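Dear colleague,

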Amino acid sequence: MQIVNPLSKYSAPDPCIVWDNQTNFYYLLFTNDNKVVIRRSKKLASICDGESLEVYNINPEDRLFGNFWAPEMHKSDNGKWYIYTSGSIKPNEPWGQKRLFVLESKSEDPFDGFCFKKILDDDLFAIDPTILNHDGKWSICYSEVSKDRGQVLVLRELINPWTFGEKRAELAWAELEWERVNLKVNEGPFFIRSLDKKRLFLIYSGNGCWSDDYSLGVIEFMGGDIFDAKQWKKSDTPLLYKGNNV
């Protein structure tokens with residue numbers, strides 16, 4: 001069965017869309033090889049055809065050589081926007097020691113451009129960062145490469161938008177059969193709250209992204225301390241998976 005994307009005529013993996021009530025624009029980011037690009041549109045349906053702005057490219061001075069995967073843009077309490085993504089610190093190697101890094105907007109308008117801020121940790125091999133504001137405190141979740149357990153979802157405290165705090169918790173790894181058909185992977189985390197704000201979920205991807213068994217799983221926060229891994233309950237079954245010859 002051929003699938004036609006109604007939003008985009010070109011490949012747009014790892015999309016992140018945010019709305020800004022100050023500029024009244026939707027903003028789109030997705031994996032774009034060796035560039036970080038943001039797009040904007042007044043209408044969500046035309047977001048992929050909206051005007052675009054390249055905000056970052058390969059920069060040896062920052063020790064980053066492309067393969068910028070799954071960028072996300074989040075607005076901080078200080079009014080500025082921050083883009084979180086990962087890049088290779090080895091030239092021409094997609095998996096050449098991926099590091100998380102942060103870009104900071106020049107103003108409260110994302111289309112005024114961004115500046116490189118910081119690599120979050122020079123020694124951390126990780127991808128797919130996402131941000132959570134819980135009870136007024138900020139944290140970051142990402143997929144960390146572990147030698148023994150594959151890719152593990154880790155939650156870290158942020159003391160500001162570009163600096164880790166001391167609190168850390170390993171929330172999930174590929175322990176269920178459907179998560180490890182071809183590779184032990186938990187990646188692509190993204191937080192979603194219920195409309196009444198009473199429930200918090202972490203959506204993630206399992207298995208190799210190139211395979212037909214790539215699926216979405218869900219973990220629910222049960223309350224208490226978000227850095228207590230026991231308070232995050234993973235569903236035994238995937239949320240979305242292959243079917244109907246798709």
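Strands β6 and β7 pair in the antiparallel sense, and seven bridges join them. In this pairing Y84 stands opposite V102 of β7. Please bear in mind throughout that the model is a predicted one.

On its other pairing, β7 runs antiparallel to β8 over five bridges. There, L103 stands opposite F116 in β8. How many residues of β7 are buried? Eight of its eight residues are, and the strand is therefore described as mostly covered, buried meaning under 20% relative accessible area. In a regular strand the side chains alternate between the two faces of the sheet. In β7 both faces are covered: one side carries K98, L100, V102 and E104, the other R99, F101, L103 and S105, and all of these are buried.

The nonpolar cores

L103 also belongs to the largest nonpolar core, which has 19 residues. The residues with the most contacts inside this core are I38, M73, I83, L103 and F114. At least two core residues come from each of β1 (16-20), β2 (25-29), β3 (35-41), β4 (51-57), β6 (81-88), β7 (98-105) and β8 (114-119). The strand that gives the most to this core is β2, with three residues.

Which residues does M73 touch, beyond its neighbours within four places in sequence? Its contacts are C16, V18, Y27, L29, I38, W81, Y82, I83, P110 and F114. Apart from this core lies another, of 18 residues, and among them are L132, F191, Y204 and W232.

The largest pocket holds about 1100 Å³ of space. It is lined by 34 residues, of which D14, P15, S205, Y214 and L216 are the closest to its centre. Two or more lining residues come from each of β1, β5 (69-75), β9 (126-134), β13 (186-193), β14 (200-206) and β15 (215-221). Which element gives the most to this lining? It is β13, with five residues. By class, the lining of the largest pocket comprises 23 nonpolar, seven polar and four charged residues.

The second largest pocket contains about 600 Å³ of space. Of the 22 residues in its lining, H74, F190, F191, R193 and K197 are the closest to the centre. The elements that supply two or more residues here are β1, β5, β9 and β13. The lining of the second largest pocket divides into 13 nonpolar, five polar and four charged residues.

Individual residues

K43 is located in the loop between β3 and β4. Is K43 buried or exposed? Its relative accessible area is 60%, and because exposed means over 50%, K43 counts as exposed. The C-alpha atoms of K43 and Y26 are separated by 7.0 Å, although the two residues are 17 residues apart along the chain.

Setting aside residues up to four places away in sequence, N67 touches D33, N34, S86, G87, S88, E93, P94 and K98. K98 is also one of the buried residues of β7.

The backbone of N67 deserves a separate remark. Most residues other than glycine have a negative phi. The phi of N67, in contrast, is positive, near 55°, and N67 is not a glycine. D128 likewise has a positive phi, of about 60°, although it is not a glycine. D128 is found in strand β9. With a relative accessibility of 9%, and the limit for buried being under 20%, D128 therefore counts as buried.

With kind regards

Terms used:
Residues numbered from 1 in each chain as written. Predicted model: local features only at pLDDT ≥ 70, side-chain atom pairs only at ≥ 80, totals over all residues. Heavy atoms only, no water. Core = buried A, V, L, I, M, F, W, Y, C linked by side-chain atoms within 4.5 Å. Buried < 20%, exposed > 50% of the residue type's maximum accessible area, 1.4 Å probe, protein only. Helix = DSSP H or I, 4+ residues; strand = E, 2+ residues; numbered from the N terminus. Contact = heavy atoms within 4.5 Å. 1 Å grid on protein atoms, 1.4 Å probe; cavity = no way out; pocket = protein on both sides within 12 Å on 5 of 7 lines; lining within 4 Å. Points joined across faces, edges and corners; volume = space filled by probe spheres on them. Nonpolar A, V, L, I, M, F, W, Y, C, P; charged D, E, K, R; others polar. Pairing = 2+ DSSP bridges.
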